[in-house]
Amino acid sequence: MTSLERHFPRLEDFAPLLKPAPRERDSTKRRLAEAHNIWDLRRIAKRRTPSGPFDYADGGADGEVGLGRAREAFTDLEFRPGVLRDVSKTDTSTTVLGRASALPFGLAPTGFTRMLHSAGERAAVAAAARAGIPFSLSTVGTTSIERIAAIAPEARKWFQLYLWKDRDLSLELVRNAKAAGYEALLVTVDVPVSGNRLRDQRNGMTIPPRLTAKTFLDASYRWRWWFDFLTTEPYSFAFDTTGRGSTSDLVRRLADPSVTFEDLAWVRKAWDGPLLVKGIQTVGDACRALDHGADGVIVSGHGGRQLDRGPVVLHILPEVVAAVGDRGTVMLDTGIMNGADIVAALALGADFTLVGRAFLYGLMAGGEAGVARSLEILSAEIERTMKFLGVSAIDELEPAHVRLMSRRGPVGSQNS
């Protein structure tokens, strides 16, 4: 057996090993450099955000079973890679609603976003504009329709609408969005009542937050969040066109259990751009939405925040795509936490996807820079997954690249 020649190490041999890496002076950049996936951003966000706001974004309805199943659907699926393909160049861009998007996903509409971080929607739309992807403003967003348009005039902006009891106010919002240059209208239809969010109840969550003994203790090591909250302008809700609205007004007006498919007709008359129905969870409702004037559907479980134990939207996606065919656009949201999740949804037939919590974790972790970091992470994961699958463009993805699996048995059929 050959023996190794040994020598005593000299002091200069240690020098290259002990050379410290340059220290980043910017604390936000330094913090975000620790995030290598969306779950890392979530960990940082939880550390920096009071429990009430964090759980508002992080939690789901009731026992959060649906939220867990949405994630399981993505983690349980199996990719089928293709090898010996030339993937030296990979194009992650796609076309959605007739225009180019640099990535196959946009930012989903999220409510009360400035409660999570003072930069709120402003940070999100700015990061989306730089990334070349669409941004969606929620009716219950905390920045006005007009302010968002002024902040990022070059961004692709979509507006999410609730069909409220106050139809005149809903119509006014539609007109304001059109006048401000918003491109598409997303009508959310899965909120006949508000979801039972137990985390919010247990945290005593209010909007805006109140400084109680509990929240004071919770904020003791998250002083920056409270400093930003107390020293920046009060929330200005997108739905509040008069500047005199309140959260109690919102709660009273928001849920209208009398809404039906027929109510889409007047929305279609008021909006001449792309109209998408968000909150579709069955094949039958997808077809009905198109029959009533929609240009497309967003297959969505509302992030598990409304009906708990509802359909797993990734599982019904292929059937929705088959039923819709060439009649309209099919998008998907709920459960996406990795770029590979986006690739899987596209392979199963989705034209586009929307991400919510993934970018909110980035926002809470580092404001606009945090949102940008979440987009960088997702983009890198999309490109890497595409290369492993042997595809160099989004339109090369197909169902053969993915096998849906479920730990509770076969993926079943839903057609009603």
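Tutor: Start with phenylalanine 112. Phenylalanine 112 is buried, at a relative accessible area of 7%. Buried here means under 20% relative accessible area, while exposed means over 50% and partly exposed lies in between, with a 1.4 Å probe and protein chains only. This is a predicted model: local features need pLDDT of at least 70, side-chain atom pairs count only at pLDDT 80 or more, and totals for chains, interfaces and linings use all residues. Residues are numbered from 1 along each chain as its sequence is written, and side-chain values use heavy atoms, with hydrogens and water left out.

Now the pairing. Rings of Phe, Tyr and Trp (its six-membered ring) pair if their centres lie within 6.5 Å; planes under 30 degrees apart are stacked, over 60 edge-to-face, the rest tilted. The count by this rule is five aromatic pairs. One of them joins tyrosine 56 to phenylalanine 112, edge-to-face, with 5.8 Å between centres and 75° between planes. Tyrosine 56 sits in helix H4 (residues 51-58), and phenylalanine 112 sits in the loop between strand E4 (105-107) and helix H6 (113-116), so the pair ties together parts 56 residues apart in sequence. Those helices (H or I, at least four residues) and strands (E, at least two) are DSSP runs, numbered from the N terminus.

Stay with tyrosine 56. Tyrosine 56 is buried too, with a relative accessible area of 10%. The charged end of arginine 305 sits over the ring of tyrosine 56, 4.6 Å from the ring's centre. For that, CZ of Arg or NZ of Lys must be within 6 Å of the ring centre and within 35 degrees of the ring normal. Elsewhere, lysine 178 lies over the face of tryptophan 271, 5.1 Å from the ring centre.

Next, glycine 52. Glycine 52 also belongs to helix H4. Glycine 52 is buried, with a relative accessible area of 11%. Leaving aside residues up to four places away in sequence, glycine 52 touches Asn203 and Met205. Contact means heavy atoms within 4.5 Å. The C-alpha atoms of glycine 52 and leucine 116 are 9.3 Å apart, though 64 residues separate them along the chain.

To recap, helix H4 holds tyrosine 56 and glycine 52.
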